[in-house]
Amino acid sequence: EVYAPKAFKEQFIGEIPTSDESSLIGRTMSILLYDLTKNFQHTTTKLRFKIVEVRGNKAYTIFWGHELTRDFIRSLIHRGSSRIDGIFNFTSADGVVYRVSTFVVTLRRVKQSQMKTIRLIIHDVMQQFADNLSHEKFIQGIIFEKFSENIKKIAKTIYPLRECKIRKVKVVKVPEGLTDKIEVSSDEDFEEMEVELGEHG
């Protein structure tokens with residue numbers, strides 16, 4: 001039996017048959033966020049967990065990634081709009097390293113200079129959140145779209161946006177001994193970040 005980390009209330013997330021308990025360490029499992037929250041709005045979000053400990057017939061995990069379903073992403077792209085992608089590395093305040101993939105969809109096609117400015121906004125907002133938040137708070141802001149809402153609020157001053165999403169997050173490195181302790185909740189409030197915007201084309 002495999003369980004989500006304490007941040008997700010150690011809920012049961014699946015079973016992996018094995019004859020060697022040690023072979024489970026390092027393996028990953030994917031489930032929908034809906035399976036943990038029972039909120040139908042979360043059926044388009046997949047979570048990945050990595051097994052880090054086995055005790056008897058129970059395996060315990062840490063958060064290892066997040067991804068929006070491909071069908072959902074395709075449904076957000078409309079003809080005549082621009083899609084602006086960005087892939088960045090960030091490190092949380094407690095030393096967890098992430099690779100974060102984002103995308104923005106505009107109402108209509110935009111100039112290269114506007115794309116560059118919007119991509120810079122995405123990076124700067126996410127960098128501020130990473131620098132000031134722990135691992136648990138950072139993943140909380142991602143999976144419940146608190147950060148993407150903040151980005152959209154700023155970026156739409158450059159050009160009207162249809163969508164702003166963090167489509168995928170991969171944990172690259174976790175400091176030794178770090179565990180997911182704080183309970184993850186969609187009700188958590190985050191202080192909004194601000195970005196100073198200069199001239200753009």
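This report describes the overall make-up of a predicted model and then the packing of helix 5.

## Overall make-up

The protein contains five helices and eight strands. Their order along the sequence is β-β-β-α-β-β-α-β-β-α-α-α-β.

The chain has 201 residues, and 45% of them count as buried. Among contacts with a separation of 6 or more, 66% are between residues 24 or more positions apart.

## The buried side of helix 5

Helix 5 spans residues 146-155, and its buried residues are Phe147, Ser148, Asn150, Ile151, Ile154 and Ala155. Because these residues cover an arc of only 160° around the axis, they lie on the same side of helix 5. An α-helix has 3.6 residues a turn, so residues three or four places apart point the same way.

## Helix 3 against helix 5

The contact between helix 3 and helix 5 brings together two sets of residues. From helix 3 come Ile118, Ile121, Ile122, Val125, Met126 and Phe129. Helix 5 contributes Phe147, Asn150, Ile151, Ile154 and Ala155.

The axes of helix 3 and helix 5 come within 10 Å and cross at roughly 140°. Angles over 145 degrees count as roughly antiparallel, and helix 3 and helix 5 are therefore oblique to each other. Their crossing is right-handed.

Conventions. Residues numbered from 1 in each chain as written. Predicted model: local features only at pLDDT ≥ 70, side-chain atom pairs only at ≥ 80, totals over all residues. Heavy atoms only, no water. Buried < 20%, exposed > 50% of the residue type's maximum accessible area, 1.4 Å probe, protein only. Helix = DSSP H or I, 4+ residues; strand = E, 2+ residues; numbered from the N terminus. Arc of directions from axis to C-beta. Contact = heavy atoms within 4.5 Å. Axes fitted to C-alpha atoms, helices over the stretch in contact; angles between N-to-C directions. Parallel < 35°, antiparallel > 145°, perpendicular 65-115°, else oblique. Left-handed = near helix turned anticlockwise from the far one by under 90°.
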